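Thanks for asking me to look this one over. Here are my notes, point by point, to read alongside the model.

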Amino acid sequence: MFQALQRQTAKIGHLRRGRIQTFAACHSRCFASSINGNDGKGKAEPADLSHQVEANKDNPIARTMKLLGNDVQRMKNFILPKGKDSGNLAGDAESIENYLERYRKDDFQSHCDVLVIGGGGVGSSIAYWLKKRAREGLNVVVVEKDSTYSQASTCLSVGGLRQQFSIVENIQMSLFGADFMRNSKDYLGGEVDLNFTPHGYLLLATEAGAEQLEQNSKVQNALGAKNELLTASRLKQRFPWMNTEGIALGCHGLEKEGWFDPWALLSGFRKRASEYGAHYVEAEVVGFGFRNQPDILAEGIEEGSYEGIDRAFIKMKNGEVREIKFAIAVIAAGAQSGTVARLARIGTGKGMLSIPLPVEPRKRFVYVFQCENDQGPGINTPLTIDPSGTYFRRDGLGGNYLGGKSPLPEQEPSVDNLEVDHGFFEQTVWPNLAHLVPSFEAIKVKNSWAGYYEFNTFDENGIIGPHPYYNNLYIATGFSGHGIQQTPAVGRAVSEMIIDGGFRTVDLTRFGFDRIIIDQPMYEANIF
């Protein structure tokens, strides 16, 4: 049954490492555009930052004496260092801060087994699963440039969970996500409350999309999801607030679907990963170090000239550039993953390195509104998506709703900031909401925010697995709005590749970078 379902969703072969024959004519699709460092007129080589790191290093003898001195000082001031003037509170505070800064610097992990670039939902899930399984067997370092997560896609998402996809792997990942939510206290600890609201999803289709919606439902239920198909008349009976004009069919999730608190999930992953021994560093990756490996052969690269990566240069909050050497690195930097990949020459090099990681930020708006006299859909209303992709759901118990819509390609807003376009709501979102829910003719926007999708311009699905050129670089990004619900499965999958050498639960081979090289996209059918 499973093999038949996989054949039904897509048919592409598994491309084995090192056997790629051609790379030309694979660039017909829209890949991620340059964000920093390359203006598109030429392929700029990432800067070598080794000299900056060397400038920060001490003479070996001086460094040894410095470490001995630090050890003595740390023992002397084990609890708190004393200021020169114990009555000077400002002096004490400065001395304490200096002490803590020295301690943090001494504790810096200059070597690690696995370097995870990005500490959001996906990156923290990877760290969690690696440390949960290996504990002291792996030294894991996570580099996150903003520990407040003020612009992180994870925290700014609406936290949806559904199995209503057409691709088998997406359904399987979200099914595990539902299991993880249901047993979150076993995974993350009793103090973590994800506030899961199990009111389901309701996807609506016109006559043109009804057959595809029905086919999707059959695949979903065969894999373990539970949803029902509702005709227009049954939709009206079940949801009397709905205008069913133009609606031919709806698919309503009965179990394992709803929404949750994405910040709580991220916090749970990070807290547990740290308890297991993962090291988090607040810094930004600004470059990679390359090492010549003449014994490795690669397509499109002259024999003896292969260069691998074995270290990353990171810029600390104080501006200092430091170096972390790694055995394995994982790019899980969300919307900025394409930028990080270019630092590793992905998209600017030769052969396989000429093909970019097609992930870039796309801005999406979320609007919180209230219906006049609270006459809108009731508290058990599912997250509803109309045929145009406009969605809404209840938000809490105060009579609020939240909703939005992905813009058309020609409407894509600038990603220079996270300002909200209220005109987009007035001109695009509200008319669709009011058509589907007549009571939404009288609503008032109470709040709004914007966040970034890690948008895969190739086929809008996740890219998971090793890079075909670098044998120690893995990728986990490009989920295009579906990533938060798939973080548990993606983190587990990456841990399987690193620890077990391959997928052991959900086989995500088809989501690898290879499909980009051979120009075989995996599109979701009739899915927003």
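1. Leu-203 has Cys-251 of strand 6 as its bridge partner. Strand 4 (residues 201-205) and strand 6 (residues 249-253) run antiparallel, joined by 4 bridges. Two strands are taken as paired if DSSP finds at least two bridges between them. Strands (E, at least two residues) and helices (H or I, at least four) are DSSP runs, numbered from the N terminus.

2. A word on the ground rules: this is a predicted model, in which local features need pLDDT of at least 70 and side-chain atom pairs count only at pLDDT 80 or more, while totals for chains, interfaces and linings use all residues. Numbering starts from 1 along each chain as its sequence is written, and side-chain values use heavy atoms, with hydrogens and water left out.

3. Which order do the 8 strands of the open sheet take? The order is 5-6-4-12-13-14-11-15, and the pairing is mixed. Strand 5 (227-231) and strand 15 (443-456) are the edge strands, each pairing on one side only. From one strand to the next, the twist averages 20 degrees.

4. Helix 9 packs on this sheet, where it touches strand 4, strand 5 and strand 6 (contact means heavy atoms within 4.5 Å). The direction of helix 9 makes about 25 degrees with that of strand 6; such angles run from 0 to 180 degrees between N-to-C directions, with axes as lines fitted to C-alpha atoms, for helices over the stretch in contact.

5. Helix 9 (residues 207-223) has 17 residues and reaches 26 Å from first C-alpha to last, close to the 24 Å expected at 1.5 Å a residue (1.5 Å times one less than the number of residues). Its buried residues include Leu-213, Val-219 and Gln-220, where buried means under 20% relative accessible area with a 1.4 Å probe, protein chains only. Just after helix 9, Gly-224 takes a positive phi of about 120 degrees.

6. Helix 5 (residues 121-134) and helix 11 (residues 262-276) are also worth a look: they pack at about 35 degrees, with axes 8 Å apart. Among the residues making the contact are Tyr-128 of helix 5 and Phe-269 of helix 11.

7. For the protein overall, the secondary structure comes to 15 helices and 17 strands. Of its 528 residues, 54% count as buried. Among contacts between residues at least 6 apart in sequence, 77% join residues at least 24 apart.

Definitions and conventions:
Buried < 20%, exposed > 50% of the residue type's maximum accessible area, 1.4 Å probe, protein only.
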